[in-house]
Structures are given as C-alpha cells and as structure tokens.
Amino acid sequence: MTTDTYFEELAAALRTAGVPEDQITSTVTDLRGHLAETGTGAEEEFGPAASFAAQLGGVAPRPGDPGAEAESWTWTADLFNDRRMLAVHGDQGWEVESLDSLGRFVCRRTPGPALRWEYRREVIRGRRRDQMLAELSPEGWELCGEWLVYGYFKRPKAASAGPAGALDTVPETPEKWLFLSRRGKALLGVWVLIVAAAYLTLGLPGYAVVLMGVGGAVSAVVTAKLETAKGRTTPEG
C-alpha cells in the first residue's frame, strides 16, 4: 500500500466518524511529517489505517466513555444464530461491549449518526487463542467477549466498507431480546422435556438445571470441534 493510499483510507475513516475536515487535514499533515523524519512506511509505523483511526479517537468511541446519551441493550442468541444476529444488529449501529456471565451480548449505541459494526466468532481455546489474536489484531479486530470456547471479535465496518460503514439514522431499540434459530428452538424443546422428566422422577430442580448446563456445554464443544476441523458452520435463521 502506498503512503497516499494509506492516508486516503485514514482520512475516509476519520471523515466517516464525523471528524471535522480541518482536523483531518492537520492530522494527516503531521503524520506525513513524522514519516518524512523516520523514513518508515505508513502501515509499518502506524498499523492498519482503520485501527489507527480508532486509536486516534475518530472511528470508534473510546472504551469506557460511551457518553450520557448512549443507549444500552442486552440480548442473546443460540450458537446457530448468534453470528447472523450480530451482523443484523451491527448494521443497526450496536457495538458489543462485552458478554455477561449468562453469555448475553451487552451493547451500546449512540443516538443519531452512528457507526456500523462487523463481528466474527472464532474458537480460541488453548493455544489457538494467541494464534487468533495475532492474526486478527493487525486487521483491526478487537476481542469483545468470550463464551465457553468461543471468542467474539468486533471492528467498525468502515475498516472494510469505507464511508458505507456510517449510519445516518438508527432504528428503535428492539423489544425482543432472545433470538433462537430453528435448531435452537428444537434443542430447547428437547431439554425442556428432559428437565420435566428429571423433576418428576427425582424431584430435584437443581439437578435439572445442571442437566441443562451440561447439555449446552456439550453442544458448544461439538460445534467448536466442527468449526475447528471443517471451518465455520453456516448460521441458520
């Protein structure tokens, strides 16, 4: 990538985030001057343009500083449907801040013009964790939550879509918070029957809850093995 191309991408990312044009011009001028002194390449010195723009405070809101006007929303989906729903909600300007102890996506969004977000899910158990972080970080991906053997990564869509990564207006916050696929609903039905049978037979609701937890963990591990061996599974609606 040439220096001119790099700074064009950087300027576009900052412009998408609403940074004033005079500030963009000043920033690019200063950075070009720095490169002239060091003699290094732009990407070598600063990293990918989109992630560098985020560090400058232009593309991504600074962590821990969402602003008083930011909306909050928490939702969840099964492992067959989470990536599809992350794509849908990311296009609506929802940024995942973390996953809570129940595996729910804790999101925020600033009203008015906003950024679209893109997400990906990877198996990060064991040594694979460091490998995935090393591969994805240079491309601007940031780990935003973990659940079981999975890691969820986010980055502003401007990193891949340029100005199309901006959202002029945002839809209302969904009233729904649970998004299950057909397979997820079927599995839930099976586990409800198992829980009911365990309760009627043993009279131990706690034991039934344990059964549900074990079942969910087994399902996640099986899915993880399939993804690791054959690539990503196709999400189902």
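This section describes a helix pair and a group of aromatic rings in a predicted model.

On the α1 side, the contact is made by T3, D4, F7, L10, A11, L14 and R15; α2 contributes E21, I24, V28, L31, R32 and L35. By residue class, the contact of α1 with α2 comprises eight nonpolar, one polar and four charged residues.

Seven aromatic pairs are present in the structure. In the pair W73 and F179, the ring centres are 6.4 Å apart and the planes stand at 90°, so the geometry is edge-to-face. W73 belongs to strand β1 (residues 71–77) and F179 to strand β9 (residues 178–179), so this pair ties together parts that are 106 residues apart in sequence. W73 has a relative accessibility of 7% and therefore counts as buried; F179, at 8%, also counts as buried, the cut-off being under 20%.

F179 also forms an edge-to-face pair with W75, with 5.7 Å from centre to centre and 85° between the planes. Because W75 lies in strand β1 and F179 in strand β9, this pair ties together parts that are 104 residues apart in sequence. The relative accessible area of W75 is 0%, and the residue is buried. Ring pairs join W73, W75 and F179 with W94, F105 and Y152 in a cluster.

How values were computed:
Residues are numbered from 1 along each chain as its sequence is written. This is a predicted model: local features need pLDDT of at least 70, side-chain atom pairs count only at pLDDT 80 or more; totals for chains, interfaces and linings use all residues. Side-chain values use heavy atoms; hydrogens and water are left out. Contact means heavy atoms within 4.5 Å. Helices (H or I, at least four residues) and strands (E, at least two) are DSSP runs, numbered from the N terminus. Ala, Val, Leu, Ile, Met, Phe, Trp, Tyr, Cys and Pro count as nonpolar, Asp, Glu, Lys and Arg as charged, and the others, Gly among them, as polar. Rings of Phe, Tyr and Trp (its six-membered ring) pair if their centres lie within 6.5 Å; planes under 30 degrees apart count as stacked, over 60 as edge-to-face and the rest as tilted. Buried means under 20% relative accessible area, exposed over 50%, partly exposed in between (1.4 Å probe, protein chains only).
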